[in-house]
Amino acid sequence: MIPRFSVPAIAALALAACSPQGHAPAPAPDTDWPHYGGDAGGQRFSPAAQITPANVRGLKVAWTYSTGHMRTHADAVQRAAFEATPILAGGRLFLCSPFNVASAHAPGTGQALWTFDPKIDAGARYPNSFNCRGVAYWRDPAAPADAPCAERIFMATNDRRLFALDAATGKACAAFGQGGQVDAMPGAQLARSGGAQITSAPVVIDGVVVVGSSIDDNQRVRETPGAVHAFDAVTGALRWTYDPLQAAGPGVVAGAANVWAPMSADPARGLVFLPTSSPSPDFYGAARPGDAAHANSVVAVHAATGQVAWAFQTTHHDVWDYDVPAQPTLAMLAYRGGALRPAVIQTTKQGLVFTLDRETGRPIIPVEERPVPQGGEVGEVLSPTQPFPVAPEPLAPNRIRPDDAFGLTPWDRDACRKLIAGARNEGLYTPPSTKGTILYPFTGGGSNWGGLAFDQRRGVAFLNTSSALHKVTLIPAAKVAGEKRAHPDLEISPQAGAPYGMRRELLVSPLGLPCNPPPWGLLTAVDMTTGKILWRTPLGTTRDLAPGSQLVMRGVGTPNMGGPIATASGLVFIGAAMDDYLRAFDAKSGQELWKGRLPAGGQATPMTYVWKGRQYVVIAAGGHAKGDTRRGDQVIAFALPD
């Protein structure tokens, strides 16, 4: 769930032009970004070092590319999120638009080399807006170098198709499935035509393409199963299917538990790592007693067969919509002087960071089962404990008192104080209730789909988090329809088949600002070898939420969508915030060194590469429907003066 804040009209924007600093930099070795997360393990780290803390202020716009969707999809753009991270592989830059138009580009100019439009229905209504976070590249080792489709781009679409495209021409690979496409959710029975979509990039490993899905939240108990499907990369034949709820046991009635966030892969071990979501419905679980098998888990499966190697659950019997929301990050890690071990680092919406052994799933940094609030509504059987890693400390606050309420004026603050005081509020994992329950962090924070960046050399992870309050109220089933009529602008869902529907609302003041104290967005550096936080810095300003407010509201940050990348020169680049900037921070100190103005919201994860000796930093600037940031259709590349 992404927050909606009231956003006043914003003045016209222009790209910021920074003056060149010093002499032109020396050419650097060419560097690719061949996977959505930089590498197969999602570290989002680049060895590129031409742009440094000393010269980053000289960045300027090197090229721009427009998808044209502000013209061709003018109405649907308002229901879109441009979250794409391009990849660079085989000498071309590849990306996808929110409407699944795939394209290849010249890395030095951004010029489109080809485009492919699967012509999805722009009038459809999907769970998470129109969205395509990325594509996957694969080189067929058995194909001659100049053969058609020897290099392939795989793209999964909002309307649940998987395409294989020739990386050189953009033409569909005719021998893949039916004319270059397959049904990416074969056999799925949807309650409505738009009830499921695919938003994250596929993963390709050992000739197998693995695809997840995004499924309706809170609509019904008997939801579409969240099965993961794998296909042969050459023929498109279905290789295996894995349902995270297949081991849930007798008496469990639920669906979802899908993998909507990006996946990662370990080719050396033949493993794919799946971040699974909560089972249906999100906020009432009497029909699914127990912990729901591999829902809310990091699951390692064998790429060849789909058999589970291990699973680790981050939330037991989830009734808070605390999905595992981000790509598992694969790293080599020595914790507190121990041996160097292959690890999986997993961030969560709760602001917790789990560090697991990549081969066994057992915690490298210890995890404790701690008692949590009890007393759910009638029929609910909660888990008495939840897992908490001993380090690092939670990266997002999870307790608030009425007297902690924030407001710009006494009137504003008192309104928030009353909202907090009027809800059930016993800290993290307070169960949903008919009174209304505070969820803190809210279901769009602390860490979300942007995940983290990891500097293997230093053992440091960089993570952005969001902080806001949700109030979730359970509504007796017989009253749901009436509540929806009375409050048409609120999120009210039936949870059909359960005795309760739900209402979820962001707690904001009469002025439209979050009721919890700032900072509302942070960028944090964590030494994963010790579990200690190295620095924290606010991320974002209120400039584009309320023009002029940033002059009196400094250091508050904003909720954010997207993630960071890190480079060998000691820089962390990130957009994500609800103002229209791409920023660069010093990896050692957290100091903001540069920001470049974007023509629209940069709620996407950037990437970087070196092409013909010049380093580029690229971000999609198209805004986000659920964050209600400025819409656009451009991809922007920054570089130092040529």
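Author: A salt bridge is a side-chain nitrogen of Lys or Arg within 4 Å of a carboxyl oxygen of Asp or Glu. This is a predicted model, in which local features need pLDDT of at least 70 and side-chain atom pairs pLDDT 80 or more, while totals for chains, interfaces and linings use all residues. Residues are numbered from 1 along each chain as its sequence is written, and side-chain values use heavy atoms, without hydrogens and water.

Reader: How many salt bridges does the structure hold?

Author: One of them joins Arg133 and Glu83. Another joins Asp404 and Arg401. The total for the structure is 27.

Reader: How far apart in sequence are the parts that Arg133 and Glu83 tie together?

Author: The closest N and O atoms of Arg133 and Glu83 are 2.6 Å apart. Arg133 sits in the loop between strands S8 (130–131) and S9 (136–139), and Glu83 in the loop between S3 (80–81) and S4 (87–89); strands (E, at least two residues) and helices (H or I, at least four) are DSSP runs, numbered from the N terminus. The pair therefore ties together parts whose separation in sequence is 50 residues.

Reader: Is Glu83 buried or exposed?

Author: Buried means under 20% relative accessible area, exposed over 50%, and partly exposed in between (1.4 Å probe, protein chains only). Glu83 has 2%, so Glu83 counts as buried.

Reader: Which residues are linked with Asp321 in a network of salt bridges?

Author: Asp321 and Lys349 meet in a salt bridge of 3.7 Å, N to O. Asp321 is in the loop between strands S22 (308–313) and S23 (329–333) and Lys349 in the loop between S24 (341–347) and S25 (353–357), so this pair ties together parts 28 residues apart in sequence. Both Asp321 and Lys349 are buried. In the network, Asp321 is linked with Asp323, Lys349, Glu491 and Arg504.

Reader: Is Arg401 buried or exposed?

Author: Arg401 pairs with Asp404, with 3.0 Å between the closest N and O atoms. Asp404 has a relative accessible area of 24%, so Asp404 is partly exposed. Arg401 has 54%, which means that Arg401 is exposed.

Reader: Which residues does Ala391 touch, not counting residues up to four places away in sequence?

Author: Ala391 is in the loop between strand S27 (385–389) and helix H2, where H2 covers residues 410–421. Its relative accessibility is 7%, so Ala391 counts as buried. With contact taken as heavy atoms within 4.5 Å, Ala391 touches Tyr335, Val353, Ile365 and Gly531.

Reader: What is omega for the peptide bond from Ala391 to Pro392?

Author: Most peptide bonds are trans. Tyr440 and Pro441 are joined by a cis bond with omega about 10°, and Pro441 lies in the loop between strands S28 (437–439) and S29 (452–455). The bond from Ala391 to Pro392 is also cis, with omega near -5°.

Reader: What is phi of Gln495?

Author: Most residues other than glycine have a negative phi. Ala292, buried at 3% relative accessible area, has a positive phi near 65°. Gln495 lies in the loop between strands S32 (491–493) and S33 (500–506) and is buried at 0%. Phi of Gln495 is positive too, near 50°.

Reader: What is the relative accessibility of Thr605?

Author: Thr605 is in the loop between strands S39 (592–597) and S40 (607–611). Beyond its neighbours within four places in sequence, Thr605 contacts residues including Tyr36, Glu83 and Trp449. Thr605 counts as buried because its relative accessibility is 2%.
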